[in-house]
Amino acid sequence: MYFYYMQDVINNLPNRANIKYKENKAYFAKLRKKPPKQLDYLMQDLHNEEFEKTDCLKCANCCKTTGPLFTDKDIQRIAKHFKMKAQEFVTAYLRIDEDNDYVLQSLPCPFLGADNYCIIYEVRPKACREFPHTDRKKFHQISNLTLKNVAICPAAYNIVENMKNRLPL
């Protein structure tokens, strides 16, 4: 039953995020101009509250629809995990995008299992470890990324909605 509910949430998320896009964009523009002193603490609290009730394994929409950037450190670490040379790993799984960053060749992520578990979880890329970036320091500086993430991650959507309620601008 929960699977169908979660799938419905995921299916409706892009439309819900699109409806809130202008409101969120205007909110973040105000936030960037004059970020409150306690913003990072509030975001940490909102992030922690949301992830106490959110189980990423029930969703994994980020792994199914978007890919992380791979840093050189990520590539070295994951290649070592697979007992491969870094270049072999790059050739097998990555490509260079228009911003000259290493990204996955294809989606969903090839390291995502059918059970939504990541087979490289312990060595996963930094971008995966930090997603959806709602607890980052200087949160106000990543509003464009957050605007994208609310359309991908139900938790990020909820965090932003709760943020607007707790911190009206």
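Reader: How many salt bridges does a search of the whole structure find?

Author: A salt bridge is a side-chain nitrogen of Lys or Arg within 4 Å of a carboxyl oxygen of Asp or Glu. The search of the whole structure finds nine. Before going on, note that this is a predicted model: local features need pLDDT of at least 70, side-chain atom pairs count only at pLDDT 80 or more, and totals for chains, interfaces and linings use all residues. Residues are numbered from 1 along each chain as its sequence is written, and side-chain values use heavy atoms, with hydrogens and water left out.

Reader: Which side chain meets Glu 23 in a salt bridge?

Author: That of Lys 20, at 4.0 Å, N to O. Both sit in helix H1, three residues apart, so about one helical turn separates them. Helices (H or I, at least four residues) and strands (E, at least two) are DSSP runs, numbered from the N terminus.

Reader: At what angle do helix H4 and helix H5 pack?

Author: Axes are lines fitted to C-alpha atoms, for helices over the stretch in contact, and angles run from 0 to 180 degrees between N-to-C directions. H4 (residues 72-81) and H5 (residues 86-93) pack at about 95°, with axes 8 Å apart. That makes H4 roughly perpendicular to H5. The cut-offs: under 35 degrees is roughly parallel, over 145 roughly antiparallel, 65 to 115 roughly perpendicular, and the rest oblique.

Reader: Which residues make the contact?

Author: Contact means heavy atoms within 4.5 Å. H4 gives Ile 75, Gln 76, Ile 78 and Ala 79, and H5 gives Ala 86, Phe 89 and Val 90.

Reader: Which residue has a positive phi although it is not a glycine?

Author: Asn 116, with phi about 70°. Asn 116 lies in the loop between E2 and H6.

Reader: Which helix supplies the largest share of the lining of the second largest pocket?

Author: Rolling a probe the size of a water molecule over the atoms shows where empty space is left. For the second largest pocket, the largest share of the lining, five residues, comes from H1.
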